[in-house]
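Q: Could you walk me through how the nonpolar residues are arranged here? I have the model open and would like to go piece by piece.
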Amino acid sequence: MRYFSQRVALRVTVAAAGVAGLLTVGLIGDWAVGAVHAPGDKALVEELEEAAKTDHEVSQQLHDERERQTLASVDRKDRARVAAWLLLVSGGVFVAAGKRFMALRPQRLPSLDRLVDVRFDTAAPAIGKRPRTDESGNGETPLEFVARLVEQHGAGREAAIPILQAIQNHYRYLPDEALRRVCEPTEITPAQIAGTSSFYAQFRRSPVGRHVVRVCHGTACHVAAAERITEELRRHLEIKDGNDTDPRRLFTIDKVACVGCCSLAPVMMIEEETAGRLTPASARQVLDALELRS
Ligand code: FES
């Protein structure tokens with residue numbers, strides 16, 4: 001159906017361009033013919049006017065000639081007006097059909113190899129193990145990490161959001177143990193943490209998978225059966241109801257709003273890479289290939 005529409009759009013574009021071209025040629029040709037005949041017509045009228053001064057029989061001929069030239073001029077203007085309108089319409093059709101054709105044109109997608117060849121971060125460290133030194137600074141323990149955050153942001157209630165953001169960035173979620181350690185030396189209460197972390201969408205209370213798969217559920221993708229993609233991925237990864245991450249913590253499946261490439265619907269993004277025109281089977285294959293590579 002899409003291929004058919006694309007062909008139709010191409011044909012309409014070409015036809016509109018052809019009509020516009022013919023009209024332009026016709027307009028120019030008509031104007032050129034008039035311009036070529038004008039001096040001769042003028043000379044003929046002057047000649048007849050001169051002759052009519054001495055020969056009254058020529059007067060009728062002069063009258064007929066003037067009438068012929070006037071009618072020819074009026075006809076030419078009418079033709080030009082009609083041609084201009086048709087030119088306008090065909091130009092509009094050309095632009096609209098051309099845009100439609102460009103929108104339906106097959107787009108280059110990254111190859112599967114390219115898609116799965118992305119380098120991802122290693123899995124988030126479990127709480128209790130030593131955090132990654134590149135994020136924590138000096139290979140400090142979680143206790144030291146939280147202590148440093150408190151020192152940096154203060155122990156008042158107003159420090160809750162920056163501290164939670166730092167923990168979220170560090171672990172990619174808010175581990176309960178880290179949150180408990182935040183409450184010990186500060187005025188921040190468990191109730192405040194619970195309220196803040198549930199209010200802001202940026203905070204996660206459960207671990208996130210190594211790869212975050214964002215399945216677009218915007219309007220275009222919804223119409224293109226995005227729900228089937230999500231269902232198939234969740235089924236394939238054995239993600240239980242109420243969870244968004246598979247038991248091995250390899251993948252987190254997120255439903256997101258439009259990611260801005262509706263012409264490729266249905267679409268999913270893995271980190272910064274986009275895969276479009278998916279079917280449930282091809283979406284599953286992308287994840288399988290990614291798992292093999294990682
Ligand atoms: S609706 Fe999915 S990319 Fe726009």
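Q: Which residues touch the most other members in the largest nonpolar core?
A: In this predicted model, Ile-163, Ile-167, Val-182 and Ile-193 do so, out of 20 residues in that core; such a core is a set of buried Ala, Val, Leu, Ile, Met, Phe, Trp, Tyr and Cys residues joined through side-chain atoms within 4.5 Å, where buried means under 20% relative accessible area, exposed over 50% and partly exposed in between, with a 1.4 Å probe and protein chains only. Local features need pLDDT of at least 70 and side-chain atom pairs pLDDT 80 or more, whereas totals for chains, interfaces and linings use all residues. Residues are numbered from 1 along each chain as its sequence is written, and side-chain values use heavy atoms, leaving out hydrogens and water.

Q: And what is Val-182 in contact with, leaving aside neighbours within four places in sequence?
A: Val-182 is then in contact (heavy atoms within 4.5 Å) with Val-146, Ile-163, Ile-167, Ile-188 and Ile-193.

Q: What follows α6?
A: Arg-172 does, and its phi is positive, near 70°.

Q: Switching to Val-93, why does it count as partly exposed?
A: Val-93, which lies in helix α2, counts as partly exposed because its relative accessibility is 35%.

Terms used
Helices (H or I, at least four residues) and strands (E, at least two) are DSSP runs, numbered from the N terminus.
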